[in-house]
Amino acid sequence: MKVSTASLWIAASVFFSLGCTPRAEPLAETAPPAPAPVRTVLDATAQQALTPEQVLTELKAGNQRFVDGNLTHRDYMAQAEATAAGGQFPKATILGCVDSRVPPEIIFDQGIGDVFVGRVAGNVEDVNLVGSMEFATKVAGSKVILILGHTACGAIKGAADGVELGNLTELLNDFDEPIARASEATGVEPSSSNQEFLDLAIKENVRQTIADILEQSAVISEMVANGELLVVGGVYDLATGRVDWLDG
Ligand SMILES: [Zn+2]
C-alpha cells in the first residue's frame, strides 16, 4: 500500500496537535469556582438585627460592587418565592428619580425584598410618598431612608430653564427653593447650561427633600430622634456609577 507523503504529514500534524493541545481539565481546576447564586432573603430576625449604620454601610458597599462590576449573583425566582411565602423585611427605602439610567436595585446591588423604592421626576416628596415611607419604616421596619438625586437630572434642568408642560409645570415648581439657593450661592441666574449651578441645585434639592420629609412626618422624625432610622442623601453620577453621599 502506497502512503503518500502528504498523508503522513497530515497524520503527524493531527497526532502532535492533539498531543500538544493543553487539556481542558487542568484549566477548569485552576479557575475559581463560580459562586452559588444567593437564594436567601432578609427575614424579620435579620432585619431587626441590623442597625441603621450597618444598612447605610451595606448600601455604600453595594454601590462599590456595582462600580467594580462585581454584582452579586442572585437566583431571583428563589428570592421571589421566599418573599412571597415569608413576607418582606426590606432594610432601606430609596426615593429616586424616574430617570431610566438610575435603577436603585441595580446601582446598589440589591435583591428582591431588600429595598423599598419610590421614584418620581426630581426625587421630590409628596404626601403619598411620605405616607409610603412611614409604612416602609414604622410598619415594615426599614432602617434607612435614602433620597437619591443624580447628575444631569432633567427635572432640575427643566425647572431651572422655566419649562412648562401640562402637569409637569406644577411638579417643576417644587424645585423653586433649591434652585434659588443654588443661584444665590453661585451668583448666576438659574440655567441648565451652567454646570456649577446645576450640580449645586441637584444637591440642594436632595437636602430640601430630606428637610421636608422630616418636617412633614412626625412618625419619621421621631424614629430618627430615637436612633431607629437614618435619613440620608446622595447624588448618583451617571458617568461613573458612583454615589456622592451628602452630609447633613
Ligand atoms: Zn432626574
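Helices (H or I, at least four residues) and strands (E, at least two) are DSSP runs, numbered from the N terminus. By that count, this protein has twelve helices and five strands. The structure is a predicted model, in which local features need pLDDT of at least 70 and side-chain atom pairs count only at pLDDT 80 or more, while totals for chains, interfaces and linings use all residues. Residues are numbered from 1 along each chain as its sequence is written. Let's take a tour, starting with the whole protein.

**The whole protein**

- A residue is called buried if 20 or more other C-beta atoms lie within 10 Å of its own, exposed if 12 or fewer, and partly exposed in between, with C-beta atoms placed from the backbone. Of the 248 residues here, 35% count as buried.
- Two residues are in contact if their C-beta atoms, placed from the backbone, lie within 7 Å. Looking at contacts between residues at least 6 apart in sequence, 71% join residues at least 24 apart.

**The sheet**

- For the descriptions below, two strands pair if DSSP finds at least two bridges between them.
- The five strands form an open sheet in the order 2-1-3-4-5, with mixed pairing. Its edge strands are strand 2 (115-119) and strand 5, each of which pairs on one side only.
- From one strand to the next, the twist averages 25°. Angles run from 0 to 180 degrees between N-to-C directions, and axes are lines fitted to C-alpha atoms, for helices over the stretch in contact.
- Strand 3 (residues 144-150) and strand 4 run parallel, joined by seven bridges. Ile 145 has Val 231 in strand 4 as its bridge partner, and Ile 147 has Gly 233 in strand 4.
- Strand 1 and strand 3 also pair in the parallel sense, over four bridges. Here Leu 95 stands opposite Ile 147 in strand 3.
- How many residues of strand 3 are buried? The count is seven of its seven residues. Val 144, Leu 146, Leu 148 and His 150 lie on one side, with Ile 145, Ile 147 and Gly 149 on the other, so both faces are covered by the definition of buried given above.

**The hairpin at the sheet edge**

- Strand 4 (residues 230-236) and strand 5 (residues 243-246) pair in the antiparallel sense over four bridges. Tyr 236 stands opposite Val 243 in strand 5.
- The hairpin has six residues between the strands, and Gly 241 takes a positive phi near 80°.
- Gly 241 also meets a residue from elsewhere in the sequence: Ile 107 in helix 6 (residues 104-107) has its C-alpha atom 7.2 Å from that of Gly 241, although the two are 134 residues apart along the chain.
- Why is Ile 107 classed as buried? Ile 107 is buried because 23 other C-beta atoms lie within 10 Å.
- Leaving aside neighbours within four places in sequence, Ile 107 is in contact with Asn 63, Phe 66, Val 102, Tyr 236 and Gly 241.

**The nonpolar core**

- A nonpolar core is a set of buried Ala, Val, Leu, Ile, Met, Phe, Trp, Tyr and Cys residues joined through C-beta atoms within 7 Å. The largest one here has 44 residues, of which Leu 146, Ile 156 and Ala 201 touch the most other members. Helix 11 (residues 195-216) gives the largest share of this core, seven residues.
- Not counting residues up to four places away in sequence, Leu 146 touches Leu 59, Ala 92, Ile 94, Val 232 and Gly 234.

**Helices**

- Ala 211 is found in helix 11. Is Ala 211 buried or partly exposed? Ala 211 is partly exposed because 13 other C-beta atoms lie within 10 Å.
- The C-alpha atoms of Ala 211 and Ser 221, ten residues apart along the chain, are separated by 10.0 Å.
- Helix 7 (residues 127-139) and helix 12 (residues 218-225) pack at an angle of about 40°, with their axes 9 Å apart. In this contact, Met 133, Glu 134, Thr 137 and Lys 138 of helix 7 meet Val 219, Ile 220 and Met 223 of helix 12.
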